[in-house]
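Please look through the structure below before reading on. The paragraphs after it go from a single term to the whole chain and then to some of its residues.

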Amino acid sequence: MTDEGLLAAAPLLGALPARLQEELLEAAEPFRLPAQEWLFREGEPGDRLYVVRAGRLRVVAERDGEGHVLRLLGPGAVLGELAVLTGAPR
């Protein structure tokens, strides 16, 4: 899937006009997350959003010292957008 197709397929970003999608792609900074590493944690500042380009991410809640998988995200998934849009912590 092309980067353009990736944004077009994302529910929130796909509704944007094509020119805004192009601007987002121009401003995007590719980021590779090593396996088993945290992307961000609850309560951190919401300074950017992420689109999964390849691979999978687990959304994990830590409870009683253990991680519980809440969701599994794959290519095209957008995350972190609510914190960016509202200015609230993650």
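A residue is called exposed when its relative accessible area is over 50%, and buried when that area is under 20%. The model shown here is predicted. Gln 36 has a relative accessible area of 68%, so this residue is exposed. Gln 36 sits in the loop between helix 3 (18-27) and strand 1 (50-51). Its phi is near 70°, a positive value in a residue other than glycine. Most residues other than glycine have a negative phi.

Asp 64 also has a positive phi, of about 55°, although it is not a glycine. The loop that holds Asp 64 runs between strand 2 (57-63) and strand 3 (66-73). Asp 64 is exposed, because its relative accessibility is 81%.

From the N terminus, the order of elements is α-α-α-β-β-β-β-α. The C-alpha atoms fill a box of roughly 45 × 30 × 20 Å along the principal axes. Of the contacts between residues at least 6 apart in sequence, 48% join residues at least 24 apart.

Which residues make up the largest nonpolar core? It has 6 residues, namely Tyr 50, Val 52, Leu 57, Leu 73, Ala 77 and Leu 79. Beyond its neighbours within four places in sequence, Ala 77 is in contact with Tyr 50, Val 51 and Val 52. Across the chain, buried residues account for 20% of the 90 residues.

The accessible surface of the chain is about 6,900 Å², and carbon and sulfur atoms contribute 53% of it. The chain carries 10 positive and 14 negative side chains, and the centres of these two sets are 4 Å apart.

Key:
Residues are numbered from 1 along each chain as its sequence is written. This is a predicted model: local features need pLDDT of at least 70, side-chain atom pairs count only at pLDDT 80 or more; totals for chains, interfaces and linings use all residues. Side-chain values use heavy atoms; hydrogens and water are left out. A nonpolar core is a set of buried Ala, Val, Leu, Ile, Met, Phe, Trp, Tyr and Cys residues joined through side-chain atoms within 4.5 Å. Buried means under 20% relative accessible area, exposed over 50%, partly exposed in between (1.4 Å probe, protein chains only). Contact means heavy atoms within 4.5 Å. Helices (H or I, at least four residues) and strands (E, at least two) are DSSP runs, numbered from the N terminus. Accessible areas come from the Shrake-Rupley method with a 1.4 Å probe; for residues, only the protein chains shown count as cover. Lys and Arg count as positive and Asp and Glu as negative; His and the chain ends are not counted. The place of a charge is taken as NZ of Lys, CZ of Arg, CG of Asp or CD of Glu.
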